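Good morning. I will go through one model today, looking at its salt bridges, a sheet and a pair of helices. Please have the structure open.

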Amino acid sequence: MTLKFVVLSDLHVMPEGELSVTLDTGMRFEQAVDAVAARYGNADFCVLAGDLADLGQPAAYERLKAIVARIPIPVHITLGNHDDRNSFVSVFGASHLAETGKVDKAFDIKGYRIILLDSSEPGRVDGVLTASQINWLHARLAEAMDRPVVVILHHNANALHINSDDIRILEPNAFIDALKAH
């Protein structure tokens with residue numbers, strides 16, 4: 001069965017009336033939502049993969065939430081290094097927190113397991129996956145040994161040989177080992 005999904009990342013939404021590096025990022029996100037609706041309205045879901053708010057302000061998450069409500073397909077969210085987990089949860093609700101204490105999620109669709117991992121860590125630019133998250137990941141992968149798995153997180157685990165390599169996952173080996181076990 002074919003799975004079709006959209007991943008949007010690095011939205012860097014600012015509160016209404018504020019700009020990020022001269023850009024109205026909220027307006028740009030609205031344009032992306034319009035494109036998703038026009039071209040990918042038949043997708044199974046959309047993932048917002050971190051750096052949702054540029055400075056993590058509650059007002060930015062309020063704006064983001066209003067825009068997300070316009071997306072015509074199910075939306076699943078995780079966080080990146082620009083996000084503030086407490087501000088996000090204050091706007092989107094504690095139901096977004098997994099037992100790991102982070103915005104992690106697993107769900108099944110069309111014979112696939114989808115896993116979202118929150119690689120943000122307060123005060124850090126690089127990504128961090130805690131021992132609790134690695135254990136949670138192992139359990140979610142073990143539940144899905146009979147099907148393909150898609151794992152989505154904000155930070156990359158391996159060097160891409162580009163400027164952002166210095167903001168990848170700090171210690172990727174446990175993450176990579178978990179993936180290899182599947």
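Arg113 has a relative accessibility of 5% and counts as buried; buried means under 20% relative accessible area, exposed over 50%, and partly exposed in between, with a 1.4 Å probe and protein chains only. This is a predicted model, in which local features need pLDDT of at least 70, side-chain atom pairs count only at pLDDT 80 or more, and totals for chains, interfaces and linings use all residues. Residues are numbered from 1 along each chain as its sequence is written, and side-chain values use heavy atoms, with hydrogens and water left out.

Which side chain meets Arg113 in a salt bridge? That of Glu143, at 2.9 Å from N to O. A salt bridge here is a side-chain nitrogen of Lys or Arg within 4 Å of a carboxyl oxygen of Asp or Glu. Glu143 is in the loop between H4 and S6, while Arg113 is in strand S5, 30 residues apart. Helices (H or I, at least four residues) and strands (E, at least two) are DSSP runs, numbered from the N terminus. Glu143 counts as partly exposed, at 42%. Both residues belong to one network of salt bridges with shared partners, along with Glu99, Asp108, Arg140, Asp146 and Arg147.

In total the structure holds 13 salt bridges. Another one of them joins Glu16 and Arg63, at 3.3 Å. Glu16 lies in the loop between S1 and H1 and Arg63 in H2, so this pair ties together parts 47 residues apart in sequence. Glu16 is exposed at 63%, whereas Arg63 is buried at 8%.

Now the sheet. Three strands form an open sheet in the order S4-S5-S6, with mixed pairing; two strands pair if DSSP finds at least two bridges between them. S4 and S6 are the edge strands, each pairing on one side only. S5 and S6 run parallel and are joined by five bridges. Within that pair, Leu117 stands opposite Leu153 of S6.

Last, the helices. The axes of H4 and H5 come within 9 Å and cross at roughly 10°. Axes are lines fitted to C-alpha atoms, for helices over the stretch in contact, and angles run from 0 to 180 degrees between N-to-C directions. H4 and H5 are therefore roughly parallel to each other; angles under 35 degrees count as roughly parallel, over 145 as roughly antiparallel, 65 to 115 as roughly perpendicular and the rest as oblique. Contact means heavy atoms within 4.5 Å. Among the residues making it are Ile134 and Leu137 of H4 and Phe175 of H5.
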